Amino acid sequence: MQTSFTLAQLADPDMAESERILRTCVHCGFCNATCPTFGLLGDELDGPRGRIYLIKDMLENDRTPGSRTVQHVDRCLSCLSCMTTCPSGVNYMHLVDHARARIEQTYRRPLFDRLVRHLLAAFLPHPRRFRLLMRVAALARAVRPALPARLRQMLALVPGGTTAPPMPARRQVWPAEGERRHRVALLPGCVQQVLEPSINEATIRVLVRHGCEVVVPGDLGCCGALEHHLGRSDGARRAVARNVRALMREIEGDGIDAVIVNASGCGTMLKDYGFLFRDDPTLSKDAERVASLARDVSEFLAGLELSFAGPADSLKVTYHNPCSLLHGQKVVAPPQDLLAAAGFALSESAEGHLCCGSAGTYNMLQPELALKLRARKAENLAQTVPDVVATGNIGCMVQLRPALKAPVVHTVELLDWATGGRMPNGLARRSSQPPGEES
Ligand code: SF4
Ligand code: SF4
């Protein structure tokens with residue numbers, strides 16, 4: 001694609017990177033075929049190629065974007081399906097990230113939108129505040145009919161049920177069982193540790209059982225993805241810098257073999273830390289080092305030779321690969337190979353490349369599209385008649401549960417169970433129900 005940026009514009013490293021990306025696009029449109037929003041809306045501007053043109057126009061002309069550009073960029077899930085499809089290797093992720101930051105800096109959103117985005121950025125990355133927000137949401141459910149339509153829609157997507165206190169803020173270490181073969185750091189996540197603490201518990205159990213010492217550095221926080229995808233670059237950079245410093249203390253201290261991430265949205269972000277700090281002379285090397293050690297939990301476990309204890313009992317598992325793992329990290333085989341090796345009967349659903357509509361805060365910000373994508377994903381998964389759906393991202397779990405009869409659990413919970421740990425909560429609840437009764 002031809003571009004016409006001025007030399008002054010290209011002096012900005014972000015602009016220079018976006019220009020380089022734009023020039024790789026040959027506007028063939030192949031990416032439209034696998035874009036979930038193009039599939040739903042059928043509008044060229046709601047597909048990757050159309051968005052690329054809108055972003056090019058905004059950046060090249062140094063324009064404050066109009067509401068039309070903002071709407072089409074906002075409707076993008078950042079699912080990165082287009083990057084898997086693109087034959088030219090267009091890095092749409094970095095381009096749309098730049099566009100979101102630019103929109104945030106220059107465009108004044110309507111008051112309600114500003115409030116919602118501020119609320120999400122202020123509460124979700126902080127486990128204690130998030131827990132408080134969940135309590136407020138539980139109270140709001142009682143007066144739901146009196147709320148404005150948009151708030152009602154958002155509330156419908158907030159998970160109910162109990163929440164857990166966040167992990168302690170201090171550094172914690174779990175020694176390896178038997179001979180120590182590895183030492184790893186675990187990113188505990190923010191929303192996940194409050195909504196589903198069993199995921200971190202299962203991760204730690206399965207790692208420890210297989211000879212890994214696990215450390216959670218006390219000052220690790222949100223990976224930064226949440227604010228990054230809202231275009232709030234400063235907040236995201238602060239979160240990244242704090243995590244890089246905390247992890248470097250472990251790397252330079254007792255050393256670590258990997259940074260384990262069990263929420264794939266966070267994993268995609270961690271693996272991009274080097275790029276995000278590429279122009280920062282004080283942190284670029286450290287950020288690159290941390291990024292090079294980031295591993296999805298399934299990737300790391302695939303290298304450990306797990307000893308399976310056998311409770312899988314041919315349970316029918318349909319695996320839903322989160323976009324951030326499938327398209328963002330290109331981690332495809334490890335979770336499925338591990339589940340198959342554990343003895344689960346693995347099924348694949350149709351349209352596995354399509355997003356479930358969760359996409360970080362997307363389901364809160366674009367509830368109508370998110371619900372349509374969820375319905376389509378749930379229908380595809382249900383057609384495999386699974387006993388359980390496994391996935392690798394808390395966002396997908398929360399998004400899919402209300403739409404499925406089968407329980408939705410994290411892959412690592414099944415692997416923990418299959419190697420001598422506990423039955424996942426979702427399955428345990430199911431097996432305690434009288435036969436034939438659905439939750
Ligand atoms: S498939 Fe790649 S090269 Fe073709 S239009 Fe899409 S982004 Fe551009
Ligand atoms: S990231 Fe996903 S929603 Fe956005 S343009 Fe690419 S395929 Fe479409």
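Ala, Val, Leu, Ile, Met, Phe, Trp, Tyr, Cys and Pro count as nonpolar, Asp, Glu, Lys and Arg as charged, and the others, Gly among them, as polar. Sorted this way, the shell around ligand 1 holds nine nonpolar, three polar and one charged residues. The model is predicted.

**Ligand 1**
- The shell of ligand 1 is made up of 13 residues.
- Cys 25, Cys 28, Gly 29, Cys 31 and Cys 86 are the closest of these.
- Ligand 1 takes up the space of the largest cavity.

**Ligand 2**
- Ligand 2 is surrounded by 13 residues, and the closest are Cys 35, Arg 51, Cys 76, Cys 79 and Cys 82.
- The second largest cavity is where ligand 2 sits.
- Three helices, α3 (36-41), α4 (48-60) and α6 (81-85), each give at least two residues to the shell around ligand 2.
- Nine nonpolar, three polar and one charged residues form the shell of ligand 2.

**Thr 391**
- Strand β8, which covers residues 388-391, contains Thr 391.
- Thr 391 has a relative accessible area of 0%, so it counts as buried, the cut-off being under 20%.
- A polar atom of the Thr 391 side chain lies 2.7 Å from the backbone oxygen of His 320.
- Leaving aside residues up to four places away in sequence, Thr 391 touches Tyr 319, His 320, Pro 322, Cys 396, Met 397, Val 408, Val 409, His 410 and Thr 411.

Methods
Residues are numbered from 1 along each chain as its sequence is written. Chains are lettered from A and ligands numbered from 1 in the order in which they are written. This is a predicted model: local features need pLDDT of at least 70, side-chain atom pairs count only at pLDDT 80 or more; totals for chains, interfaces and linings use all residues. Side-chain values use heavy atoms; hydrogens and water are left out. A residue is near a molecule or strand if one of its heavy atoms lies within 4 Å of it. On a 1 Å grid over the protein atoms alone, a cavity is a set of points where a 1.4 Å probe fits but cannot get out, and a pocket is an open set with protein on both sides within 12 Å along at least five of seven lines; lining residues have an atom within 4 Å of a point. A molecule sits in a cavity or pocket if more than half of its atoms lie within 2 Å of its grid points. Helices (H or I, at least four residues) and strands (E, at least two) are DSSP runs, numbered from the N terminus. Buried means under 20% relative accessible area, exposed over 50%, partly exposed in between (1.4 Å probe, protein chains only). A polar contact is a pair of N or O atoms within 3.5 Å; within protein, one must be able to donate a hydrogen and the other to accept it, and residues adjacent in sequence count only if both atoms are side-chain atoms. Contact means heavy atoms within 4.5 Å.
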